[in-house]
Amino acid sequence: MEINLSATDIILAAHYAGTIEDAKNINSVKNNGKYKMNGFAAHYIGMLGEVAICKYLNINVQSNITFGGDGGVDLIYKNQTIQLKTRAGDNPEPRYIIFDNLDEFKTDWAILCSLKSATEIKIHGFTSKERFIHKHINKNFSYGDRVCLDEKYLNDISKFDEATEWYIKNESIYSQVAS
């Protein structure tokens, strides 16, 4: 699925990326340095993905800026937490959702996106935390081992609403299985 961003969407993403970078600079919070881009660029790419997902889910972009980072939670939808992973380009397959380690996956869901162009975001799919834990592999991307999930294990984003509804109905059972 592709989401086209308007000029307003792009300006919104740039505004929040700049605000996040400024908040980090004020508080001397360092970016982790594994990316080959500056902090603003990394935040901007992430915000483009967030704006696209918010547009798809028909929700507002979360505008709360925290001085120490978002704690891994990018969005909240139906009282469920989401972390987005947005790639700088529509890289060749296989594409992965990547975390430094399993403890970094702190949300109920993760969604993988990539930039197809300056105004178009591709949504590759989503996974639950539990599916990620069961299907992930360890891989070294030249900056150390990371845990990742190949996009072939992602669910199509068109099923996200259905998955969140199922989660709501089965939350007590789902929580017991996860612990």
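Q: Buried means under 20% relative accessible area, exposed over 50%, and partly exposed in between (1.4 Å probe, protein chains only); does C148 count as buried or exposed?
A: This is a predicted model, in which local features need pLDDT of at least 70 and side-chain atom pairs count only at pLDDT 80 or more, while totals for chains, interfaces and linings use all residues. Residues are numbered from 1 along each chain as its sequence is written, and side-chain values use heavy atoms, with hydrogens and water left out. Since its relative accessibility is 0%, C148 counts as buried.

Q: How many disulfides does a search of the whole structure find?
A: A disulfide is a covalent bond between the sulfur atoms of two cysteines, and here it is taken as a pair of cysteine sulfur atoms within 2.5 Å. C54 has a relative accessible area of 2% and is buried. When the whole structure is searched by this rule, the number of disulfides found is zero.

Q: In what pattern does the chain run when it is read along the sequence?
A: Helices (H or I, at least four residues) and strands (E, at least two) are DSSP runs, numbered from the N terminus. The chain comes to five helices and eight strands. Read along the sequence, these elements follow the pattern β-α-α-β-β-β-β-β-α-β-β-α-α.

Q: What share of the contacts in the chain with a separation of 6 or more is accounted for by residues 24 or more positions apart?
A: The chain has 179 residues, of which 41% count as buried. Contact means heavy atoms within 4.5 Å. Among the contacts with a separation of 6 or more, the share from residues 24 or more positions apart is 66%.

Q: Which residues of helix α4 are buried, and why do they line one face of the helix?
A: Helix α4 covers residues 160–169, and its buried residues are F160, A163, T164 and Y167. Seen down the axis of α4, these residues fall within an arc of 100 degrees, so they line one face of the helix; the arc is that of the directions from the helix axis to the C-beta atoms. The face turned away from this buried side carries the exposed residues E162 and K169. The buried residues asked for are therefore, as a set lying within an arc of 100 degrees, F160, A163, T164 and Y167.

Q: How many aromatic pairs are counted, and how far apart are the ring centres of F40 and Y44?
A: Rings of Phe, Tyr and Trp (its six-membered ring) pair if their centres lie within 6.5 Å, with planes under 30 degrees apart counting as stacked, over 60 as edge-to-face and the rest as tilted. The count comes to eleven aromatic pairs. F40 and Y44 form a stacked pair, with 10 degrees between the planes and a centre-to-centre distance of 5.9 Å.

Q: By what angle are the planes of F126 and F160 separated?
A: F126 and F160 form an edge-to-face pair, 5.0 Å centre to centre, with 80 degrees between the planes. This pair links distant parts of the chain, as F126 is in strand β6 (residues 120–128) and F160 is in helix α4, 34 residues apart. F126 is buried with a relative accessible area of 2%, and F160 is buried at 1%. The angle between their planes is 80 degrees.

Q: Which residues do ring pairs link into a cluster?
A: F126 and F160, the edge-to-face pair, both belong to this cluster. The residues that ring pairs link into the cluster are Y77, W109, F126, F160 and Y167.

Q: Which residues does E151 touch, not counting residues up to four places away in sequence?
A: E151 is found in the loop between β8 (145–150) and α4. At 15% relative accessibility, E151 counts as buried. Its contacts, leaving out residues up to four places away in sequence, are E93, R95, L112 and H124.

Q: What distance separates the C-alpha atoms of F105 and V73?
A: F105 lies in the loop between β4 (96–99) and β5 (109–117) and is buried, with a relative accessible area of 1%. Leaving aside neighbours within four places in sequence, F105 is in contact with residues including F99, A110 and F132. F105 and V73 are 32 residues apart along the chain, and their C-alpha atoms are separated by 9.2 Å.
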